[in-house]
Amino acid sequence: IPTMMSIRWCLAAVVVGLVAVRIGYYIYASGEASYENRFGSFAPVRYVHDSKVKWFVDGEDYMEAVADAIQNASNEIFVADWQLSPHIFMKRPGTGVVSLEWRLDKLLLRKAKEDGVRVYILLYSESERIADMKLGSSLVGSVLNHENIEVILHPGLSSMIWHGLSGSSWWSHHEKVVVVDRKLAFVGGIDLCFGRWDTHSHDLTDSHPCVQEYELNSDEGKGTKYCRWVGQDYGNTFVGGSRTELDNPLKDYIDRNHVPRMPWHDVACSFAGAPANDVATHFIQRYTYAKPWWQFWGLKWLYIEDYDNVITPDDESNVKIQVLRSVDNWSAGQLHEASVYSAYLHAIEHAEHFIYIENQFFISSQPGIFLKVENQIIAALVDRIYKAFQNNEDFRVIMVMPLKPEFPGEWCDDDSDSESDNVYTSYWRHFLSILGIGKDLETVSYWNYLSIYSGKDSLYNRLINRNMPVDDIPRFFGLFGLRTHGILNDKLVTEIIYVHSKIMIVDDRRVIIGSANINDRSMLGYRDSEMAVFIEDMEMIDGKMKGQPYQVGKFAHNLRCHLLKEHLDLLDKNKYELSALKVEDPLSDALYTAIVESAFKNTNIYTEVFGGKVELANEVQDCERYKIWRSVIGFAEKRPEVATKMLKKINGKFVILPVHFLKFHLRPSILDIGGMYVDASYFIDTDSIIA
């Protein structure tokens, strides 16, 4: 009979053994990946029939497709998200939500209970203290409480112990992935959370009546409809701040009768077969690493399966897909990989005619002594643009990004004390303000503008320093934002369309779609975990490039055309047929001229109609001017009937992105020393700006 002492020694040996295995695994995964696949990816290039590949623009189409896939699942569902809101409605009829059938929590619980489908969910475990975030990740497990559903949050305490700052929520799990039965995968920029569901029209208001959940299930509520954006799904970070009461999801957090919602533009894709299994492999690697080593209960452990036998032969394929990612030891227990970044550089370098980019950020290529931005995407764009200029080539880069980052807070906040502040709170508030902490809106804007225009190593200044005339640069590079307007309670309102997509389309033949932003957090691999796909058309159709016959890829071409039609308000088939403006030729001078002229015209109209409410303007370069500008009243308040007529002249959603905005005020944050936004290896001369 074992003695108590021998039992203790056995348990101690087991614990020591498990810790030793963990240490060995950590040492193994601390190096660089040496995959032989292109771009250093863990996944090879796969050949797929295009009927198994689909793009989705905006949340409505995407979430409906994800819901259908979940509904048809037979064995397993994998979900990896930066944020997940169980109470989000995946399908919403044009007349408003009429039942709970397609709410995400009901859908997943139904599959788990009735069909025995196993659901595995990996979520980023945000830290309110370290990263000042509240995403509601800790609530997901309690809402989706079932023996066939497992929710794992990462990073946790053990990650902080092993990886220090990297494992303490300083970096995030940023990929947005759904895999069903290891046969169908969804990858892109759309989280299954509040605020992401939107239509191509990007409405500012919700015209449908709202009722509480109990009313919907009662006789009195029969026939009464939910609104399209239920509870906290109707949001505007710029007005209401971040969502905080996530344990009360059906409660509005802004006044929808007076505040317009913030529209959300995004892109994702789905694909089947072998590349879907590659995404599943990535998920399982992360799951195996994130699941606590002492946890033997819960759903069965996942194991990687080989699906190479389902690869479609080359002669039957018309799309090539390669799965890419940004991972490291802290995020996935894998060797360092930055294949997303490598693919971006490769695609830019080999672009022949045209590059179209949509991204949430544009922070790149800033050397220095103390702070730096390490990724070289802007440098690659400069090289390609300058080559075209030297060789007198027809070449163009069009980029669309949000007019401002999605962070709560005020520009030029005077940091005045609130009535509830005591003397210590007041001093602390001022101290944080001096360090730039809590001013993410200003800090990220600073780095965006610095990278594009104002820094001595910006895209513009790099080209100017190569003796490219400044007036020639707009012929090769165009940067735009998106804005829309509407009527709320008989009052004219406007808001930016938040561009959250992370895509690049090259020559209408190659596409990168994923979760990676153009910044060091997403691209370098050591930081945020990301996932993307590189899609290359093999089946070409007749098209044009600069008026000349040119073979374009069906997938890439159709996606780009849809995006431009949406931004130009030309998605309606009849309207497009009657329009003289056509989008099929990406190098068409008529198209580019129309985009530029519309952007300037729309910007001027919005400025006149809404005055200081548009906030951002190139003429507003310091805080004194900003405060004066914000008090300016536009025609919407002075003469609404005139404003209505003026808004009828708005053409599409394009507006100018004001790169001179607050250029004498914006500065980096002390958080940059920790690498929150950029690398803390070099110092940038923040006074090197264009006058």
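Begin by selecting strands E2 and E9 (residues 267–272), which pair in the antiparallel sense over five bridges; two strands count as paired if DSSP finds at least two bridges between them. Strands (E, at least two residues) and helices (H or I, at least four residues) are DSSP runs, numbered from the N terminus. The model is a predicted one, in which local features need pLDDT of at least 70 and side-chain atom pairs count only at pLDDT 80 or more, while totals for chains, interfaces and linings use all residues. Residues are numbered from 1 along each chain as its sequence is written, and side-chain values use heavy atoms, with hydrogens and water left out.

Within the pair already selected, Val53 stands opposite Phe271 in E9. Axes here are lines fitted to C-alpha atoms, for helices over the stretch in contact, and angles run from 0 to 180 degrees between N-to-C directions.

Buried means under 20% relative accessible area, exposed over 50%, and partly exposed in between (1.4 Å probe, protein chains only). Both faces of E3 are covered: Glu76, Phe78 and Ala80 lie on one side, Ile77, Val79 and Asp81 on the other, and all are buried. E3 runs parallel to E4, joined to that strand by six bridges. For a residue pair to display, Phe78 stands opposite Tyr120 in E4.

**Helices against the sheet**

Helix H3 (residues 104–114) comes next; its buried residues are Leu104, Asp105, Leu107, Leu108, Leu109, Lys111 and Ala112. These buried residues pack against helix H2 (59–71), E3, E4, helix H4 (137–143) and E5. Just after H3, Gly116 takes a positive phi of about 70 degrees.

**Two helix pairs**

Select helix H10 (residues 339–349) together with helix H11 (residues 377–390): they pack at an angle of about 10 degrees, with axes 9 Å apart. H10 and H11 are therefore roughly parallel to each other, where angles under 35 degrees count as roughly parallel, over 145 as roughly antiparallel, 65 to 115 as roughly perpendicular and the rest as oblique. Tyr341, Tyr344, Leu345, Ile348 and Glu349 of H10 make the contact with Ile377, Ala380, Leu381 and Arg384 of H11; contact means heavy atoms within 4.5 Å. By class, this contact has seven nonpolar, no polar and two charged residues. Ala, Val, Leu, Ile, Met, Phe, Trp, Tyr, Cys and Pro count as nonpolar, Asp, Glu, Lys and Arg as charged, and the others, Gly among them, as polar.

Move to helix H19 (residues 589–610) and helix H22 (residues 640–647), which pack at about 170 degrees with their axes 10 Å apart. That angle makes H19 roughly antiparallel to H22. In H19, Ile605, Tyr606, Glu608, Val609 and Phe610 meet Ala643, Met646 and Leu647 of H22. The residues of this contact divide into seven nonpolar, no polar and one charged.

**A loop and the disulfide**

Select Pro367 in the loop between strand E12 (354–358) and strand E13 (370–372). Pro367 counts as partly exposed, at 40% relative accessibility. The C-alpha atoms of Pro367 and Asp457 are separated by 7.5 Å, although the two residues are 90 apart along the chain.

Finally, display the cysteines. How many disulfides does a search of the whole structure find? The search finds one, a disulfide being a pair of cysteine sulfur atoms within 2.5 Å. Cys412 and Cys623 form this link, with their sulfur atoms 2.1 Å apart. The pair joins distant parts of the chain, 211 residues apart: Cys412 is in the loop between strand E14 (396–400) and helix H12 (423–435), and Cys623 is in helix H20 (residues 623–630). The link is left-handed, with -90 degrees about the S-S bond. Cys412 counts as buried at 9% relative accessibility, and Cys623 is buried at 17%.
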